[in-house]
Amino acid sequence: MTIIKRILLSLIFKSGIYHFFHFLSRHKITILYAHSIIDADTSTSWKPLRSQHIAQELAFTLDVLKEKYTFISLSTALKILQKEHEPISNALVITLDDGYLNNLTIGAPIFAHFGISPTIFIATEHSQHNRPFWFDRLDYALQQMTDENFHTSIQGETFVFDCQSRKKLQQSYAAFRRKIKACFKSDVAMREYLNKVCQQIEKKTGKALSQIIADDPYATLANWQQLKSAEKNLGFEIGSHTLNHARLGLVDNHTVSDELSKSKIELENKLAIHCDSFCYPDNSYNGYAVETASRYYKSALTTDIGLNALNCNLMTLKRLNLPTGINPLKILYAISALRMTLFF
Ligand SMILES: [Zn+2]
């Protein structure tokens with residue numbers, strides 16, 4: 001952070017502006033999300049290109065947040081938003097997307113320390129088979145490349161992965177993700193394409209994430225037994241994240257219904273729970289997806305940026321990325337009502 005930014009941040013807190021907006025928004029509910037949580041001391045055979053939440057920083061962040069917020073569960077937040085529960089000032093919910101096992105092994109003890117009941121969102125077909133998500137599978141495959149680059153064609157256009165260094169690969173992987181999201185208007189076509197790209201690289205290197213996923217600290221997913229235990233013993237709430245991590249805004253109506261209804265049935269049958277909450281994979285949704293989700297769930301979460309007021313739409317709840325780092329002011333500002341008011 002530059003010195004100017006540091007001074008500005010300090011002024012925002014010293015002047016009382018932060019506290020003023022925090023007080024004004026005290027009845028809004030903040031919902032944060034995270035994905036994989038990893039212990040910095042874990043020795044691993046690879047490291048994903050995407051940034052991970054580090055356990056040590058997560059603990060620091062929650063320690064900072066507890067001074068300004070009250071941690072509540074998603075189910076309590078819903079009761080508040082539906083006016084079935086009296087408001088709790090500066091309430092904050094933690095959610096975890098995708099169902100990584102490390103959310104339970106590394107994350108759960110930290111959450112328990114702060115009395116947090118997080119909600120974990122499961123893509124049931126992935127959890128059932130411990131099938132890696134394409135973003136983890138491709139990430140691993142690319143890192144096994146010994147060639148300096150890898151060419152692929154995205155709908156007739158050549159894309160080159162620069163594998164010369166981790167930094168260059170990180171940049172081209174991020175560019176690739178943006179590119180395919182812009183190019184493919186069908187989620188099924190995108191997943192088929194990605195499957196082919198992964199197979200191509202895996203054939204070339206002879207290595208695949210599926211070979212090591214069972215013991216992989218990053219990509220392995222919690223199984224039904226582990227999820228049940230987390231629900232029963234660790235205070236976790238469990239929601240659906242579709243069957244196949246499908247982008248509901250980019251599939252046909254029949255698939256939208258299937259992804260929403262069958263994942264709920266699967267979770268309820270396998271875990272003996274009521275599954276009332278849903279999270280849109282990749283923040284992809286449209287009017288039909290929202291309407292259909294409301295038939296099966298009491299709430300659905302997006303990654304649209306913002307806080308949630310009492311009269312908000314429960315089927316498009318807003319969330320913010322769980323901030324991490326070692327600067328308390330930066331952490332508080334990242335999710336602050338002041339920032340939401342100024343920039344969003
Ligand atoms: Zn997801």
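Residues are numbered from 1 along each chain as its sequence is written, and side-chain values use heavy atoms, with hydrogens and water left out. Because the model is predicted, local features need pLDDT of at least 70 and side-chain atom pairs count only at pLDDT 80 or more, whereas totals for chains, interfaces and linings use all residues.

Asp98 sits in the loop between strand S5 (91–97) and helix H5 (102–113), while His245 sits in the loop between strand S9 (237–240) and helix H12 (253–271), so the pair ties together parts that are 147 residues apart in sequence. Helices (H or I, at least four residues) and strands (E, at least two) are DSSP runs, numbered from the N terminus.

Both Asp98 and His245 are buried, where buried means under 20% relative accessible area, exposed over 50%, and partly exposed in between (1.4 Å probe, protein chains only). For Asp98 the relative accessible area is 2%. The backbone here deserves a look as well. Most residues other than glycine have a negative phi. Asp98, however, has a positive phi, near 90 degrees. Thr242, in the loop between S9 and H12, also has a positive phi, near 75 degrees, and Thr242 counts as buried because its relative accessibility is 0%.

Strand S5 also holds Thr95, which counts as buried because its relative accessibility is 0%. A polar atom of the Thr95 side chain lies 2.7 Å from the backbone oxygen of Leu32. The side chains of Thr95 and Arg319 are joined by a polar contact of 2.8 Å; such a contact is a pair of N or O atoms within 3.5 Å, and within protein one must be able to donate a hydrogen and the other to accept it, with residues adjacent in sequence counting only if both atoms are side-chain atoms. Leaving out residues up to four places away in sequence, Thr95 touches (heavy atoms within 4.5 Å) Ile31, Leu32, Tyr33, Ala34, Thr119, Phe121, Leu301 and Arg319.

Asp187 belongs to helix H9 (residues 187–205) and counts as buried because its relative accessibility is 1%. Its side chain makes polar contacts with the side chains of Arg191, at 2.7 Å, and Arg247, at 2.6 Å. Not counting residues up to four places away in sequence, Asp187 touches Ala246, Arg247, Leu250 and Val251.

Finally, helix H7 (residues 134–143) packs against helix H8 (residues 166–183) at an angle of about 145 degrees, with the axes 11 Å apart. Axes are lines fitted to C-alpha atoms, for helices over the stretch in contact, and angles run from 0 to 180 degrees between N-to-C directions. The contact is made by Trp134, Phe135, Leu138, Asp139, Leu142 and Gln143 of H7 together with Arg166, Leu169, Tyr173, Phe176, Arg177 and Ile180 of H8.
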